[in-house]
Amino acid sequence: MVNQYEAVFIMTPVLSDEQMKETVGKFEQLLRDSGCEIVHQENWGMRTLAYPIKKKSSGFYHLFEFKAEGSFVREFELQLKRDERIIRYLTVHLDKYAIEYNQKRRHTKEQNNNEKQQ
Amino acid sequence: MENTGIKFLTPVAVDVRRKKYCRFKKLGIKYIDYKDASYLFRFVNDQGRILPRRLTGTSLKYQKKVAQAIKRARHIAIMPFVGDNLKDNK
């Protein structure tokens, strides 16, 4: 049964830019290889954390929204857990209201961008 | 009640019991996003604790959604577990 999931993860701020892109690319590749469809991807960049995690008070946030088989999520999270550059991750199953909400949010964001460009 | 001798010039302003309503039902909000910190801070007091239903008046169904969203936000360090007077300055 293909469900829609949303995975947010935080990378240590110690990484340089290419390392950060490389980690993100690694997970993107993992999703693509296993035949998941990446619906949306967002990079919030460096943000200060509300409380220090592993003695670090800021981190790179990244978000993946993807469609996957139920069984795949365990394998995906195993990879997230094993990668030591990632200090925290959260995968969430999206119900229909959540999917609708995300689409609406993306829609308004695009409109704002278009307005800015005009 | 014997006369306590205290005379109020103006009647004590008793807070008229205005009917509390569930803002999610009224506004038709169906999903509470755990990534939207500024919205979630309204349901948290200045120590960072979740406000009870009797104060906010939200229905049980949506209070559970709010609580879950706040706990998720705390997990990914968008909201603090315990804050000190952070009332809406985020």
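Biologist: Helices (H or I, at least four residues) and strands (E, at least two) are DSSP runs, numbered from the N terminus; in which helix is the place of A:Asn102?

Modeller: A:Asn102 sits in helix H3 of chain A, which covers residues 96–117. Please note that this is a predicted model, in which local features need pLDDT of at least 70 and side-chain atom pairs count only at pLDDT 80 or more, while totals for chains, interfaces and linings use all residues. Residues are numbered from 1 along each chain as its sequence is written, chains are lettered from A and ligands numbered from 1 in the order in which they are written, and side-chain values use heavy atoms, with hydrogens and water left out.

Biologist: Is A:Asn102 buried or exposed?

Modeller: A:Asn102 is buried, at 2% relative accessible area. Buried means under 20% relative accessible area, exposed means over 50%, and partly exposed is in between, with a 1.4 Å probe and protein chains only.

Biologist: And what does A:Asn102 touch?

Modeller: Not counting residues up to four places away in sequence, A:Asn102 touches A:Glu6, A:Glu65 and A:Leu94, as well as B:Lys35 of the other chain. Contact here means heavy atoms within 4.5 Å.

Biologist: Let us step back. How many helices and strands are there in chain A?

Modeller: Chain A has 3 helices and 4 strands, and their order from the N terminus on is β-α-β-β-α-β-α. The C-alpha atoms of chain A fill a box of roughly 40 × 40 × 25 Å along the principal axes. Of the 118 residues in chain A, 43% are buried. Among contacts in chain A with a separation of 6 or more, 75% join residues 24 or more positions apart.

Biologist: What about chain B, how many helices and strands there?

Modeller: Chain B has 4 helices and 0 strands, so its elements read α-α-α-α from the N terminus on. Buried residues make up 37% of its 90 residues.

Biologist: How many residues of chain A are in contact with chain B?

Modeller: In chain A, 22 residues are in contact with 15 residues of chain B. The area buried between the two chains is about 1,600 Å², and carbon and sulfur atoms give 66% of that area. Buried area is the accessible area (1.4 Å probe) that two parts lose on being put together, summed over both.

Biologist: Which residues in chain A lose the most area to chain B?

Modeller: They are A:Tyr51, A:Leu90 and A:Tyr101, which together account for 30% of what the chain A side buries.

Biologist: Turning to helix packing, how do H1(A) and H2(A) cross?

Modeller: The axes of H1 (residues 17–33) and H2 (residues 70–82) of chain A come within 11 Å and cross at roughly 160°. Axes are lines fitted to C-alpha atoms, for helices over the stretch in contact, and angles run from 0 to 180 degrees between N-to-C directions. H1(A) and H2(A) are therefore roughly antiparallel, a term for angles over 145 degrees.

Biologist: Which residues make the contact?

Modeller: H1(A) contributes A:Phe27, A:Leu30 and A:Leu31, and H2(A) contributes A:Phe72, A:Glu75, A:Phe76, A:Gln79 and A:Leu80. These residues divide into 6 nonpolar, 1 polar and 1 charged. Ala, Val, Leu, Ile, Met, Phe, Trp, Tyr, Cys and Pro count as nonpolar, Asp, Glu, Lys and Arg as charged, and the others, Gly among them, as polar.

Biologist: Now the strands. Where does A:His62 lie?

Modeller: A:His62 is in strand E3 (residues 56–69) of chain A and is buried, with a relative accessible area of 4%. A:Trp44 is 18 residues away from A:His62 in sequence, yet their C-alpha atoms are 6.0 Å apart. Beyond four places in sequence, A:His62 touches several residues, including A:Ala7, A:Phe9, A:Val24 and A:Asn43.

Biologist: Which phi does A:Lys55 have?

Modeller: A:Lys55 has a positive phi of about 65° although it is not a glycine. Most residues other than glycine have a negative phi. A:Lys55 is in the loop between strand E2 (37–53) and E3 of chain A, and it is exposed at 84% relative accessibility.

Biologist: And B:Ala77, what is its phi?

Modeller: B:Ala77 also has a positive phi, about 55°, without being a glycine. B:Ala77 lies in the segment after helix H4 (60–75) of chain B, and B:Ala77 is buried, at 2% relative accessible area.

Definitions and conventions:
Parallel < 35°, antiparallel > 145°, perpendicular 65-115°, else oblique.
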